[in-house]
Amino acid sequence: MGGQPMFILNEDSQRTEGKDAQTSNISAGKAISESVRTTLGPRGMDKMLVSDSGDVVITNDGATILEEMEIEHPAAQMIVEVAQTQEEEVGDGTTTASVLAGELLKQAEDLLDDDVHPTTIVEGYHEAASLAQDAIDAEVLDADVDEETLRKVAETSMTGKGTGDVAAEDLAETVVGAIQHVEADAGVVRNNITVRTQTGGSSSATELVEGVIVDEEAAHENMPRSVENAAIAVVDNDVDLKESSIDAEYNITEVDQLDQAIEAEEKELRSYVDKLEDVGAKVVFATGDIADRAKAFLAKRGILAFESVGDDDAKSIANATGASRAGSVDDLEAADLGEADEVSVEKFSDDELAFVEGGAAAEAVTVFARGGTEHVTDELERALNDSLDVVTAALDQGGVVPGAGATEIAAAAHIRDEAASIEGRKQLAVEAFADAVDVLPRTLAANTGMDPIDALVDLRSEFENEGIAGLISEGQTGIVGNPIEYGILDPAAVKQEAVESATEAATMIVRIDDVIAAE
Ligand code: ADP
Ligand code: MG
């Protein structure tokens, strides 16, 4: 080789190794988690995120904040993924999971400074995580998950969210009503619930619609605004002439011929309308265009029709009403029709919406969320979706645990108890995990304006004495008490998933000691 230097990496690659790599990754991860901390809990604040193009999102939702931030650092990106996984798996607890991941990193940094080896930290964290899962299991309430419990879970998830002027209690009622509607033997069919937002009006007008709502307007002003006991046709085509228009097709030399041509066209259009009427359709959703003259004929016969219906809307109408989508009016048969108790068109400021309610349609339900501005309805939509997810998780994935930090206090205590019997330096890592879990009640306290250290001391002593202690946020301050008595309940699955995804991300970051970045 004769002293020639050997390049194994592209010259432009950047390489960070050892302690530097660890420090940089851990700092990035911590920074990201830090950024959502102030939004945790009912007294958490909102964030306003402004994109390049000036779009503004105001939210309290961890996953949304991290997504909107467009983070590039790879280690920081892993914390964003923690929030995303949490959102996908259980639909709530995204702030909890990312705050925990950040604190696990912070504790790991201290351990690394004390020369605890990364693999020892990783082993200790995994062992502690499994102890935490045991503790969460032990906290699951014995009682059946009944309607009242579900309402509490729904309300807990919405407390402190910017939901406009509507009480969390009323929203919780709507959420539980929606869930009960789609509950089957095999579990909640969450896909049968849609949240639809409409600005203009107060959020207290938010209601549960037994059916689907689509953003479509009547094709002709003389059509009925509402049809009861509606037989519904969904046609995946135009309702228009098969051949194109007069001047293109006919060579007209005499007035007579023009009349004939017009008549032929009218006849064709009328035949489609006849067909629709013959099969018994009272309402028609066409994905294509409806010819102007056909609209007028339909209106005259009292048929309510919609044109250029989006594919998604056509799909959900067909699903909800039991209609089969016909390829054309010619193909349509009576057996293809769906049915609903009522189809109606309602105007909301500038938008017209079609409500397809009752009958077969009632298998699907829609939470119709209202609010004065788009910022309000957007945040309301996120809060409602979280809430629908937590109620689903409470019903289908293993019950509920006390909220307000109580489950975390119990988990940390359990981990500390067991840590005593763990040999060697791993014990330090297990204890550090318990300290990391404390960040959740500490943050709840801080966001309530309390001193987090004092609050933690109070929580621990209350836990010693009563076996349960949470930091209940009431009005302007927080009090130490039993969250079950205050109806503050979270699904066990949210806590379990948070421990799992936060541990996974933190241990993955701690294990890295070499970062090679291509240019
Ligand atoms: P996440 O994104 O993690 O769901 P949230 O901002 O929704 O974050 O906060 C959830 C936490 O707030 C849960 O631990 C829950 O138990 C707690 N919480 C909800 N209501 C109250 C309350 N009234 N008092 C104290 N804690 C509450
Ligand atoms: Mg939440």
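Predicted model: local features only at pLDDT ≥ 70, side-chain atom pairs only at ≥ 80, totals over all residues.

Trainee: Which domains does the assignment give?

Mentor: Domain bounds come from an automatic or database domain assignment. Here domain 1 comprises 18–141 + 401–511, and domain 2 comprises 211–357. The C-alpha centres of domain 1 and domain 2 are 55 Å apart.

Trainee: How should I read a strand, and why is β15 described as largely enclosed?

Mentor: In a regular strand the side chains alternate between the two faces of the sheet. Strands (E, at least two residues) and helices (H or I, at least four) are DSSP runs, numbered from the N terminus. A residue is buried under 20% relative accessible area, exposed over 50% and partly exposed in between (1.4 Å probe, protein chains only). Strand β15 covers residues 365–371, and seven of its seven residues are buried, so the rest of the structure largely encloses it. Val365, Val367, Ala369 and Gly371 point one way, whereas Thr366, Phe368 and Arg370 point the other way.

Trainee: Which strands pair with β15, and in what sense?

Mentor: Two strands pair if DSSP finds at least two bridges between them. Strand β6 (residues 193–199) pairs with β15 in the parallel sense over seven bridges, and glutamine 198 has arginine 370 of β15 as its bridge partner. Strand β7 (residues 207–209) pairs with β15 in the antiparallel sense over three bridges, with leucine 208 opposite valine 367.

Trainee: What should I look for in a helix such as α10?

Mentor: An α-helix has 3.6 residues a turn, so residues three or four places apart point the same way. In α10 (residues 292–300), the buried residues are Ala294, Lys295, Phe297, Leu298 and Ala299. These buried residues pack against α9 (255–279) and β11 (304–306). Glycine 302, with a positive phi near 75°, follows α10.

Trainee: Where is threonine 503, and is this residue buried or exposed?

Mentor: Threonine 503 lies in helix α17 (residues 492–511). Its relative accessible area is 3%, so threonine 503 is buried. Contact means heavy atoms within 4.5 Å. Apart from neighbours within four places in sequence, threonine 503 is in contact with Leu104, Tyr125, His126, Ala129 and Phe433.

Trainee: How are aromatic pairs described, and how many does a search of the whole structure find?

Mentor: A pair of aromatic rings is described by the distance of the centres and the angle of the planes. Rings of Phe, Tyr and Trp (its six-membered ring) pair if their centres lie within 6.5 Å; planes under 30 degrees apart count as stacked, over 60 as edge-to-face and the rest as tilted. The search finds five aromatic pairs. One of them is stacked: phenylalanine 285 and phenylalanine 306, at 4.6 Å centre to centre with 5° between the planes. This pair links strand β10 (residues 283–286) to strand β11, its members being 21 residues apart. Both phenylalanine 285 and phenylalanine 306 are buried. Phenylalanine 355 and phenylalanine 368 form an edge-to-face pair, at 5.4 Å centre to centre with 85° between the planes.

Conventions: Residues numbered from 1 in each chain as written. Chains lettered and ligands numbered in written order. Heavy atoms only, no water.
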